[in-house]
Amino acid sequence: MRSMTGYAYKEKIDEDVSISVEIKSWNSRFLDLSINIPSFLGRLENRIREKCSASILRGKVDLSIRVREKKSSVTVEADENAARAYFEAIQTIAHSCGLDDENIPIQLIVSQDGVLSVQKDNDPERYWAMIEPVFTEALVDFTADRDREGANLKKDLLEKLAKIEEAETLFREWIPQMENLFRENVLKRFKEVLGDDVDEQRVMAETAALLVKYTINEEVVRLQSHIDALKIEMESNPAPGKKIDFICQELNREINTIGSKNQFVEVGRAVIAAKDALENIREQARNVE
């Protein structure tokens, strides 16, 4: 089990280049991956995105990569024809204005468009070879951070689930008493209407028919089934967040039905405790991948 929140930062600095990778994430229903890299690394974005998606299933993730070269691989070329054309044009303007053309500054010539062209070595494979080791280390640390938080979440979820199990055990123990009370109430109503002239067989038949509707036996069985399913998801599913939320809805339905049929204080208290524990599980599940 992993948390959707995590953080990692890795940096490598050597004589030629400085590379830093930062990854941070928050809760989200789906994978929302935002990648912030220098424009000249744009061709690497799909590769980075695929590597992230392979290990991150859910969450809002911000990934930032910074590259600073101390010895940039830059080639500067001069267009002599363009420089000469600019010089002659500026010289003509100087003559027409009666100005001295002998002191035309060189900065004025080289600043013109096309006189100097700068080409940077943007070979993506060269940069990927430098970035990948740092990126991989950051991703490993990021996953480990989410695993650590996930372990804490799992412990808390299991503790809350144990409280629901305690309530389920109490519900099961009280089924006979709840059914006996129901039988007594049915018999009492029959006697109020018919007096002592009560057909016991009819009372038993009516009680049995009504118990099918009002007993909590089926709810308790389904409750235990959902508890078992929740345990399996927590133990075996690497990304159980969405499934936990769905199972919690089913648990809530059964607990509410038990509460609506209850007539005992002890059972009512267990219903409240179970609902409180379930609400905590649902809140924590929002942090689970």
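With which residue does Lys60 form a salt bridge, and how far apart are the closest N and O atoms? Lys60 forms the salt bridge with Asp32, and the closest N and O atoms are 3.6 Å apart; a salt bridge here is a side-chain nitrogen of Lys or Arg within 4 Å of a carboxyl oxygen of Asp or Glu.

The model is predicted, so local features need pLDDT of at least 70 and side-chain atom pairs count only at pLDDT 80 or more, whereas totals for chains, interfaces and linings use all residues. Residues are numbered from 1 along each chain as its sequence is written, and side-chain values use heavy atoms, with hydrogens and water left out.

**Strands E3 and E4**

Lys60 lies in strand E4 and Asp32 in strand E3, 28 residues apart; helices (H or I, at least four residues) and strands (E, at least two) are DSSP runs numbered from the N terminus. Strand E3 (residues 31-36) and strand E4 (residues 59-69) pair in the parallel sense over six bridges, where pairing requires that DSSP finds at least two bridges between two strands. Asp32 has Lys60 as its bridge partner in E4, and the side chains of Lys60 and Asp32 also form the salt bridge described above. Together with helix H1 (residues 45-55), E3 and E4 make a left-handed β-α-β unit; a crossover is right-handed if, with the strands pointing away from the viewer, the path from the first strand over the helix to the second runs clockwise.

**Salt bridges between elements**

The count of salt bridges comes to 21, and three of the pairs are set out below.

| Pair | Closest N to O |
|---|---|
| Lys60 and Asp32 | 3.6 Å |
| Arg47 and Glu125 | 2.8 Å |

Lys60 is partly exposed at a relative accessible area of 33%, and Asp32 is partly exposed at 36%, where buried means under 20% relative accessible area, exposed over 50% and partly exposed in between (1.4 Å probe, protein chains only). Arg47 forms its salt bridge with Glu125, a pair that links helix H1 to helix H4 across 78 residues of the chain. Arg47 is partly exposed, with a relative accessible area of 30%, and Glu125 is partly exposed at 43%.

Leaving aside neighbours within four places in sequence, Ile244 is in contact (heavy atoms within 4.5 Å) with Met1, Leu157, Leu230, Met234, Ile281 and Ala285.

Glu233 lies in helix H6 (residues 217-236) and counts as buried at 12% relative accessibility. Apart from neighbours within four places in sequence, Glu233 is in contact with Pro240, Lys243 and Ile247.
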